[in-house]
Protein chains: 2
Amino acid sequence: MKKERMAEIQAAIHAVEEKKTINHVYLVGCGASFAVFKPVEFYLNRETEMPTTAITANEFNYATPKSLGEESVVVTCSHSGSTPETVAATKLAREKGALVISFMDIAAAGAPLEKEADISFHYEWGDDIDMSDGKEASLYYFMFGLLKEFNGEEAAKYEKAMEDIHKVGAVVAKNRKDWDQRANNYARAHKRFDGVYYTMASGSSYGAVYIYSMCLMMEMQWLKSQAIHSGEYFHGPFEMTDFDTPFIIVKGVDDCRYLDERAEAFCRKFCDDVLTIDCAEFDMMDMAETSKVYYANIVLTAVLRLHASWLADYRGHMFTVRRYMWRMEY
Amino acid sequence: MKKERMAEIQAAIHAVEEKKTINHVYLVGCGASFAVFKPVEFYLNRETEMPTTAITANEFNYATPKSLGEESVVVTCSHSGSTPETVAATKLAREKGALVISFMDIAAAGAPLEKEADISFHYEWGDDIDMSDGKEASLYYFMFGLLKEFNGEEAAKYEKAMEDIHKVGAVVAKNRKDWDQRANNYARAHKRFDGVYYTMASGSSYGAVYIYSMCLMMEMQWLKSQAIHSGEYFHGPFEMTDFDTPFIIVKGVDDCRYLDERAEAFCRKFCDDVLTIDCAEFDMMDMAETSKVYYANIVLTAVLRLHASWLADYRGHMFTVRRYMWRMEY
């Protein structure tokens, strides 16, 4: 991670540390910039006593939580820095007196999202960047600052994770390479499949499959895909399981792993088309044991993107093709 | 609502009132008994300052929120009173010192869910009951008690809503009758459709479409169906919209209504197969204006169930047919 990025994220963390009373953290965005917050929501609620809520921007705007006020920290994200709902949320939160931190693509620096916030940080974007400077890594670096602030007892673990941020680039690159042929094979085998791709995950991994299904598959491939929480699988969706119904099952490495293992074990009994992405198999190289659990999720995001990229390639449907977005007002 | 039901729900509310310090409310269940809590989560966060989280039971069990403890209120629900994940959550919450309230079908009275809880209440189940005694109505009656406790300023409104509980049965029956032919027509027109039924809603209505898609359609009809949050539609899923892709769009009457209206307006431009269920059109009869917004959601649940019932009828696939549930251990 570049020095200037670390500096601006540290400044955002410092603003939180300086704040006298905090009673709620809200994480606000739309689509992939909403779901990117799901692991942050998970970890803050799991490891600290700070109530933390990820919420899609227009629900935040129209059905504003009553707790929102001077004792809130609100973090907003929009890739372009100009998503109208998220800009409105940023403005609203500031009017209510919250400390508002926004983040966006570095190419969007100075965008409305930044103008409406108290303080901002930025990330880099693209397949060729060092992923230590990417969207997830930047957010995680910030998250570790919050975790440390709200759970001082485990400060050493979070400081170690912050040190390990520099290893994210190499770790992601290594696992992309390791998974490339598998993702290629899967895409080739499925290139003519036109049914629903079910995806499953839980805990800190759920956001990544939400992005995969909602954005990479539905939005960017016009393919049917649905993200199911592994804990909910047995309470409805599992009845869809059949020998020819593809399931992509993520086995995470956080405390919810058993949920994924149980879903996978059942699914494999009745379905012949299961792809397991086991985060425990990722090569996390020389990261500290305690850091691996967090950063595995960034590798997962990259591996899922690789899968979608190969599908896009075999199907001749580029990620940038849209029916509606960029083509009209809505 | 029967007197004995009101009495046991009042006792549960009283237990909350008696509790000295409350810092978080957790709503825990699986599938339909998880999603039934979504409107409660919505209203508690919207109208009170009490942090409230609905969470699927095994995520609660394995990745227990750090805040869970003596200052928590935990509400758990399982229709049979014996869903293992929810029973385990009930037990765990009590071990942590929380006040634990469970509710279940009256036929399950005395089940493990009740044994593990501090206090319980029950509901009736079936198509022929007075819906004032149903699952949603019982939960809402309890919810109004919490809203009153955590937001005393609006006590009069919640007391009025509690009085109106007796009107729920007649209101639901009336709207079922009004919608019957429409639901029949829709099901007849779609009986051979084998693609994905997309459903959309937001705010307090989202839980109802989650239940419709996950339980009534996938679990009980083996039909492909996905619940999309109206606020997320424009940030991914809307690219799936096409002239022949069915969308069932709920327009709610809470503060999120604009999100649904916006999604419907766009969807209708490009899709010829949109069914709108407008909660503003429900006949709420002589309920107080302030009560209608809450109870419209119970009517919505009944109307969605009617739609699924007619599909089940035309397709000859009864609600009770299962591939896996009731047929094996999992």
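Helices (H or I) of at least four residues and strands (E) of at least two are DSSP runs, numbered from the N terminus. The model shown here is predicted.

**View 1. Two annotated segments of chain A.** UniProt, in an unreviewed entry, lists residues 195-213 and 293-312 of chain A as "transmembrane region". Residues 195-213 of chain A are 42% helix and 26% strand. The end C-alpha atoms of this segment, residues 195-213 of chain A, lie 13 Å apart. Residues 293-312 of chain A are 100% helix and 0% strand. Here, for residues 293-312 of chain A, the end C-alpha atoms are 29 Å apart.

**View 2. The SIS annotation in chain A.** An unreviewed UniProt entry gives "domain: SIS" for residues 15-167 of chain A. Helix makes up 43% of residues 15-167 of chain A, and strand makes up 19%. From end to end, the C-alpha atoms of residues 15-167 of chain A are 26 Å apart.

**View 3. A salt bridge within chain A.** Asp133(A) and Lys2(A) form a salt bridge, with the closest N and O atoms 3.7 Å apart. Lys2(A) sits in the segment before α1 (3-18) of chain A, and Asp133(A) in the loop between β5 (119-123) and α7 (135-150) of chain A, so the pair ties together parts that are 131 residues apart in sequence. Over all chains, the count of salt bridges is 54.

**View 4. The contact between chain A and chain B.** Chain A gives 64 residues to the contact, and chain B gives 64 residues. About 5700 Å² is buried between chain A and chain B. Carbon and sulfur atoms give 57% of that area. Lys66(A), Glu239(A) and Tyr324(A) supply 14% of the area that chain A buries against chain B, more than any other three residues.

**View 5. Polar links across the interface.** Four salt bridges are counted between chain A and chain B. In one salt bridge the side chains of Arg323(A) and Asp242(B) meet at 3.1 Å, N to O. Polar contacts across the interface of chain A and chain B join 36 residue pairs, both residues at pLDDT 80 or more. Several elements of chain A each supply at least two residues of the side that touches chain B, including β1 (24-29), α3 (38-47), α10 (206-221) and α11 (257-270). That side of chain A has 29 nonpolar, 20 polar and 15 charged residues.

**View 6. How the two copies are related.**

Notes
Residues are numbered from 1 along each chain as its sequence is written. Chains are lettered from A and ligands numbered from 1 in the order in which they are written. This is a predicted model: local features need pLDDT of at least 70, side-chain atom pairs count only at pLDDT 80 or more; totals for chains, interfaces and linings use all residues. Side-chain values use heavy atoms; hydrogens and water are left out. Contact means heavy atoms within 4.5 Å. Buried area is the accessible area (1.4 Å probe) that two parts lose on being put together, summed over both. A polar contact is a pair of N or O atoms within 3.5 Å; within protein, one must be able to donate a hydrogen and the other to accept it, and residues adjacent in sequence count only if both atoms are side-chain atoms. Ala, Val, Leu, Ile, Met, Phe, Trp, Tyr, Cys and Pro count as nonpolar, Asp, Glu, Lys and Arg as charged, and the others, Gly among them, as polar. UniProt positions are given in the numbering used here, feature names are shortened, and annotations may be inferred rather than shown by experiment.
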